[in-house]
Amino acid sequence: TDHLRNYMIGYMEQLQRRARAETVYAQCGFTEDYTEFVLPDRVVTASEVKAIGANNTLRAALPKWKAPAGTLEGWKQAVAYFNRPGREVMQAAMLIGFASPLYHMIGIAGGGQFNVFGRAGTGKSLGLRAACSVWSAPDSTWVVLRDNDSMSPGDTPKSFYNTLGKLRHIMAAFDECSCLSQRLIGDMQYQLTNGKGRSRLGQDGEAREGHNDFQLLLNTTSNDSLHAKFQIDNDVAHAQAVRLFEVKLEHAIPQEEGAMVAELLRENNGHAAVPFLQYVLRDVRGIGDRLRNWVAHYDKQLNRTGHDRFSSSYSATLTLVLEIALELGLVEYDLNAFVMWNLREIRRMQATINDGTTTAEFILDEFMRTHMANTLIVDNNAGNTIVRRENMPSHALRVRVDLYDKKVYIDQGYLRNWFAERGVAVDEQRSNLRAAGVLLNSGVKVSLGKGCRGVGTMQTRCWVLDMAHTAFSFSEDAGGDSNVVPMKRA
């Protein structure tokens with residue numbers, strides 16, 4: 001008996017010497033010293049990727065997490081479908097996947113929410129799938145919160161926030177969250193910005209310290225605006241609203257194209273995270289400095305201070321990760337156009353949050369933003385009219401931008417109908433724009449396609465606007481290659 005016992009002890013000691021000690025990780029994300037980033041199946045350092053054994057804690061919380069599939073080139077082909085003017089919403093939704101681990105480096109204690117809203121069937125969920133595919137399968141980090149008020153399916157709040165705690169820095173995706181009640185959306189905002197779910201009490205009555213804190217971005221979609229759902233009429237609702245970055249998907253992704261992209265993402269995913277993380281881990285301090293520089297840039301452009309700077313933080317993080325993705329060759333998106341899009345969206349959100357009123361310039365900006373496919377931008381070189389960046393309108397021509405004489409021409413009849421559909425008083429808006437010096441004339445007969453081969457149009461009565469006016473933020477530096485002339489509002 002003694003001989004058998006000594007044999008087993010010696011055998012176990014030998015196994016222990018041979019076996020590599022394995023660390024059990026309670027959460028994904030950066031380690032405390034920012035030298036490693038933990039995934040459910042791997043640990044990424046600045047120079048290597050180390051496989052880890054089956055970690056029951058993380059694997060149980062993230063059952064859809066899969067090993068990388070396909071190739072990085074296949075993934076790049078999928079997200080390249082967003083690389084066109086007017087697809088900045090989809091670019092941002094995908095980039096949230098990269099942005100989530102860096103957002104807290106700005107100095108924000110908790111996390112935040114990025115929401116894309118629009119009518120059903122526009123392809124909003126494709127952005128979520130693209131963001132998840134940065135890390136793993138296109139549905140690898142999807143979560144659903146159950147609303148007992150409306151009996152909606154999903155996880156209990158305890159389970160929901162426990163999953164966010166396991167992800168810690170990795171983005172979570174929630175498709176169609178507008179089914180939640182206003183109360184639950186507000187509560188979710190509170191929990192996200194605090195970076196933790198409801199604390200559990202220990203036997204001594206004190207809040208139990210657990211491994212469920214998180215500093216991530218929740219990437220969501222909804223059919224309706226969540227800002228509108230807050231009914232911003234008090235300080236609490238306003239505080240919740242300013243912490244939500246929300247954009248509208250105006251133009252639907254064609255169904256056939258969306259299906260093709262979704263299939264490419266299903267077959268190719270999980271490859272982009274490693275080169276991105278290694279880039280960050282090689283210079284974490286430098287990444288923080290670059291983040292703060294972008295925050296300062298947006299704050300300066302928007303005259304932001306204090307509690308109103310949340311949207312600047314979102315945009316700064318998105319812009320930096322696009323910069324990094326461009327350096328790594330992961331995407332080929334237009335950085336300048338993306339910055340201009342962020343500025344327009346922040347101004348639009350601010351107008352919505354502050355008082356719900358809409359200025360004439362704001363309405364005109366919305367028209368310009370949503371009619372890129374109907375816009376022709378032309379230049380003039382030695383008397384020859386040329387199209388900027390082969391910008392031939394893909395839909396009926398409604399807007400002409402002449403860079404050489406700094407004029408914008410808009411189809412007057414079409415614009416009046418567009419105003420009417422939104423319940424906007426056309427004559428009042430025209431008077432306001434004329435008083436502001438933006439509108440130079442109306443009822444002027446113009447051939448919108450004049451001088452451009454293949455864009456023949458009859459003469460149309462148009463509004464004529466002054467592109468040199470300060471209401472327009474168009475410039476050769478920031479928007480010279482843009483597909484549409486953006487505007488800015490005070």
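Accessible areas here come from the Shrake-Rupley method with a 1.4 Å probe, and for residues only the protein chains shown count as cover. By that method, the protein chain exposes about 22,400 Å², with carbon and sulfur atoms supplying 48% of it. This is a predicted model, in which local features need pLDDT of at least 70 and side-chain atom pairs count only at pLDDT 80 or more, while totals for chains, interfaces and linings use all residues. Residues are numbered from 1 along each chain as its sequence is written, and side-chain values use heavy atoms, with hydrogens and water left out.

**The whole chain**

- The protein chain has 18 helices and 14 strands; helices (H or I, at least four residues) and strands (E, at least two) are DSSP runs, numbered from the N terminus.
- Of its 490 residues, 53% count as buried, where buried means under 20% relative accessible area, exposed over 50%, and partly exposed in between (1.4 Å probe, protein chains only).
- Take the contacts (heavy atoms within 4.5 Å) between residues at least 6 apart in sequence: 72% of them join residues at least 24 apart.

**Empty space inside**

- Rolling a probe the size of a water molecule over the atoms shows where empty space is left.
- A cavity is a set of points, on a 1 Å grid over the protein atoms alone, where a 1.4 Å probe fits but cannot get out; its lining residues have an atom within 4 Å of a point.
- Grid points are joined across faces, edges and corners, and a volume is the space filled by probe spheres set on the points.
- Two cavities of 30 Å³ or more turn up by this rule, and the largest cavity holds about 130 Å³ of space.
- Its lining is made of 13 residues, and G86, V89, E250, R369 and M372 lie nearest the centre.
- Two elements, α4 (88-99) and α14 (335-354), each give two or more residues to this lining, and α14 has the largest share, with three residues.
- By class, the lining has four nonpolar, three polar and six charged residues. Here Ala, Val, Leu, Ile, Met, Phe, Trp, Tyr, Cys and Pro count as nonpolar, Asp, Glu, Lys and Arg as charged, and the others, Gly among them, as polar.

**Two helices to look at**

- Helix α4 is largely enclosed by the rest of the structure, because twelve of its twelve residues are buried; among them are E88, V89, F98 and A99.
- Helix α12 (residues 284-302) has 19 residues and should span 27 Å at 1.5 Å a residue, which agrees with its end C-alpha atoms being 27 Å apart. The expected span is 1.5 Å times one less than the number of residues.
- The buried residues of α12 include L291, W294, V295 and Y298.
- Just after α12, N303 takes a positive phi of about 55°.

- T193 sits in helix α7 (residues 182-194) and counts as buried at 18% relative accessibility. Leaving aside neighbours within four places in sequence, T193 is in contact with G110, G111 and R243.
- Y161 belongs to helix α6 (residues 157-167) and is buried, with a relative accessible area of 3%. Y161 and L145 are 16 residues apart in sequence, and their C-alpha atoms are 9.0 Å apart.
- Y34, in the loop between β1 (29-30) and β2 (37-38), is a residue other than glycine with a positive phi, near 55°. Y34 counts as partly exposed at 26% relative accessibility.
- E176, in the loop between β6 (172-174) and α7, has a positive phi near 55° and is partly exposed at 23% relative accessibility.

Note on methods. On a 1 Å grid over the protein atoms alone, a cavity is a set of points where a 1.4 Å probe fits but cannot get out, and a pocket is an open set with protein on both sides within 12 Å along at least five of seven lines; lining residues have an atom within 4 Å of a point.
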